[in-house]
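I opened my notebook to look up a few spots in this structure. Here is what I checked.

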Amino acid sequence: MVAASVLLAPVASAAEGELATVGLVSSVQDPAHRSASSAELGDGSRVELVDGRNLRVRADPGGSGGHPARYSVAAMNGTLSVRPTGKSAADRTGAKLPLTATGTVRSGLRTATATASTYTVKLSITHADVRSKLFYVWNRKTWTSYAVNSDTAGGTASVKLPPGDYFSVALHNDWLEPSYLLTRTFTVGSAATTVTFDQSAAKETAIRTDDTTATRDSSAVWISVPGGDLAGFAGGGPEKVYVTPFSVPGVSLRLHEVLGKKGSSASVPSPYRYDLTHSYTTTVPTSPVTAVRTSALAKTVTKVNAPGTRTTAYLQSSPSFGEWTGVFIGGSVPAAGSLTEYATPGVTYSRLLNYGTGELNLNLPDRTLPAGTSAGEVLGAAPLQPVRGQWMGSQRYYGKISLYEGNAFGDVAGHSGSDFRATSSYKLTSDGVTYAQASGLDSSHGLMSSSLPSFERVYALDQTVHRRVPYSSLSTDVRNEWTFRSGYAEGRELPLIDARLKVSGLDSLGRAAAGTVRIDASASTRNTAAAEANTKVTGLAYSTDDGTSWTDLPVAADGSATLDVPATASFVTLRVTADDDGGGSLRRTIVRAFGGPATPSDETVGATRISNVVVNGGKPVELTDQPLQYFQAKFTATDPSGIANGDMYLYRGSYASPDAILYGTWTATCTKTNATTSTCETEFAYIQPRWTLGRNSLAGTWKAAVWAESADGTGHVDLHAAKSPSVLRDATVTADASPEPVTKGKTITITGKLSRADWETLGGYHGYVGQKVMLQFRKKGASAYTTVKTVSTSSTGGLKTTVKASTDGYWRYAFTATSTTATATSSGDFVDVR
């Protein structure tokens with residue numbers, strides 16, 4: 001997200017007890033700090049261009065297990081254009097990013113300019129209901145591209161073209177529906193013309209395996225042309241993709257698919273994953289479906305650890321074809337479990353692992369696997385800690401220092417990671433003068449200091465990172481206290497000390513059993529040769545009360561120490577210190593670095609309190625089988641200093657290892673009602689039960705975990721089961737009374753069916769068997785129904801009973817909710833008795 005930069009006073013000051021901001025706060029887009037340029041789209045998501053060749057979209061719906069969103073992409077004339085295929089015009093607002101990052105391939109592409117002889121060409125998609133589309137046009141000899149205004153209604157658009165031979169693509173891509181890449185070659189002579197794209201002539205394209213249990217989780221399909229432009233992306237979720245077969249020299253159809261086990265979901269993820277690619281170059285056959293054998297693929301087993309609690313995880317990837325290519329797609333994977341991965345051998349994939357709402361992510365290295373079995377890897381192992389990313393961290397820029405330490409949540413294996421819900425503060429001082437200071441920054445923002453003395457001197461940098469999030473109970477606070485020497489330099493990385501901690505014996509949730517664990521600590525100094533720096537670990541300490549009290553550990557020469565984890569510890573906090581021969585030092589504290597053997601309990605620190613927790617207005621949450629479902633929840637939080645923030649989520653099962661989770665799509669909004677009290681509200685949006693939950697057995701009683709933090713930072717409350725709302729399968733019931741009309745005293749037969757939503761693979765509504773349903777009657781002119789009898793549903797959910805006709809009125813069936821299924825009442829069916 002691009003945010004405007006604001007230059008604030010370059011001197012320290014204080015107002016109403018708040019920390020002053022010193023320096024320039026801005027979004028981090030310098031490639032030295034971040035490998036992706038980014039922009040915001042109309043649907044609230046953010047698009048990033050990673051390393052100049054891969055597209056990554058951070059979309060809000062992922063947080064509640066929503067269906068993957070779709071985006072239309074055009075890479076033309078050195079600019080990447082991205083537009084969501086949303087339902088409303090506002091949602092479809094797009095963004096443009098320059099293709100200038102490292103690794104971008106450009107080879108003589110030319111932009112069309114106006115000429116004296118151009119003719120109107122009407123482009124039209126036929127045999128289709130078109131709500132959104134995007135047209136692309138290139139000259140087939142020069143591969144000059146021509147921009148087409150595709151924002152017109154319906155399936156048509158126009159472009160002015162000079163005489164010549166052309167290749168054109170029409171992308172028709174609507175959410176939850178099949179998508180199409182329709183192609184045409186045509187010639188423009190000396191007159192206007194119309195070019196049609198026949199959707200009915202398109203053929204399904206796919207990559208299929210001999211594993212009959214596998215099905216598509218997500219896909220990206222695009223067309224690349226000589227010179228590096230592309231048209232795409234079709235696909236997105238599991239829906240089918242169709243393409244018009246073509247034969248054009250140098251043009252390729254690219255397919256990337258991720259497959260998982262049929263019936264898997266975010267709550268019950270697939271135990272395996274297929275990451276497959278295929279290209280058709282020059283000629284796309286009449287049946288563009290390729291089959292692969294599992295035995296011919298690359299295979300590896302990946303262990304995915306969870307950050308202290310079982311959460312959802314989403315593994316994304318994007319293949320490299322040696323050109324600007326690809327968008328990240330993926331599927332749910334087991335957190336705190338193992339994943340068997342199969343991939344197209346010899347293809348390099350960029351990868352990204354997201355947890356929970358998608359805001360905690362690990363940046364994984366590109367990977368190329370050969371055919372056969374390769375060694376596996378471990379992702380997300382605790383302690384989650386600062387790991388310097390691919391690009392440089394904080395730097396000296398001539399007379400100022402640029403501060404950016406956004407990768408605070410990397411794993412033990414050295415994968416850098418960040419959390420967009422975490423907030424950071426920085427303070428840079430020297431000899432009692434503050435040169436940079438700010439708080440409340442997210443991981444996409446850095447801080448530029450005010451002007452510094454040109455001569456070398458010692459500086460102190462204090463950074464704290466704080467988060468309280470539903471998808472991680474570990475590394476809630478990270479504090480780095482550095483000293484270092486710096487003088488006037490041209491873009492030189494600061495010689496900050498990095499430390500790495502590894503704890504043996506932790507389980508896949510980052511928890512230790514009671515007993516001895518080994519801690520291995522190492523340290524190095526940035527931008528300094530190891531022999532020159534002579535960086536060494538000088539101390540290790542631990543705490544079981546979040547840093548209130550500490551116990552020092554004896555440190556061996558190799559930086560290791562042993563720790564006897566008490567049986568009463570829920571969490572263990574670690575502190576490491578290090579220094580080097582250049583006068584640099586580090587003291588790093590990781591609060592709740594790993595979990596202990598004791599089950600975490602509710603927490604109340606200080607005077608912070610929570611009350612009045614209400615989910616869905618106090619009514620059961622009733623979910624159909626459809627996407628885009630929504631409900632709200634709220635609570636009241638109080639503290640003498642006021643409330644800084646709060647949030648909540650719902651879970652089914654145990655707190656530490658839930659069976660399923662519903663996260664708020666965004667962080668809760670806490671609105672101050674007076675100096676001490678706030679009302680915090682959160683929204684659970686984009687819920688698609690078949691994808692989010694995936695199991696009917698998850699219906700029933702859930703729990704609400706709720707927390708809040710005080711404004712002065714001294715208090716918080718964390719309630720693990722503040723409320724027990726019901727999350728139920730929606731139900732419907734019908735009633736049909738006959739005959740109509742009927743003679744008084746004759747028999748009336750009332751039939752119907754009780755059905756409930758299926759959250760599993762079949763979807764839809766299916767009969768609810770063996771249930772008691774009330775037959776009710778309301779006399780004509782009366783206002784209330786009375787129960788006549790109780791009828792049981794059949795083996796198909798059917799209802800049938802008879803009564804004697806006595807008077808005009810309405811007959812209906814009424815079903816009372818069970819522990820898993822919502823109340824349902826049919827409409828009344830009127831019978832005229834004569």
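Leaving aside its neighbours within four places in sequence, which residues is Thr796 in contact with? I found Lys753, Gly767 and Val769. Contact means heavy atoms within 4.5 Å.

I noted the ground rules next. This is a predicted model, where local features need pLDDT of at least 70, side-chain atom pairs count only at pLDDT 80 or more, and totals for chains, interfaces and linings use all residues. Residues are numbered from 1 along each chain as its sequence is written, and side-chain values use heavy atoms, with hydrogens and water left out.

Back to Thr796. I placed Thr796 in the loop between strand E66 (786-792) and strand E67 (798-804). Strands are DSSP runs of E, at least two residues, numbered from the N terminus. Thr796 and Lys753 are 43 residues apart in sequence, yet 8.1 Å apart in space, C-alpha to C-alpha.

Next I looked up Arg575, which lies in strand E47 (residues 571-579). Arg575 is buried (under 20% relative accessible area, 1.4 Å probe, protein chains only). Arg575 has no salt bridge (a side-chain nitrogen of Lys or Arg within 4 Å of a carboxyl oxygen of Asp or Glu). The nearest side chain of opposite charge is Asp552, 4.1 Å away. Beyond four places in sequence, the contacts of Arg575 include Trp550, Asp552 and Arg587.

Last, I traced an open sheet of 5 strands, in the order E27-E26-E29-E30-E35, with antiparallel pairing. Two strands pair if DSSP finds at least two bridges between them. E27 (329-333) and E35 (417-419) stand at the edges with a single partner strand each, so one side of each has no neighbour in the sheet.

Conventions: Helix = DSSP H or I, 4+ residues; strand = E, 2+ residues; numbered from the N terminus. Buried < 20%, exposed > 50% of the residue type's maximum accessible area, 1.4 Å probe, protein only. Lys, Arg positive; Asp, Glu negative; His and termini not counted.
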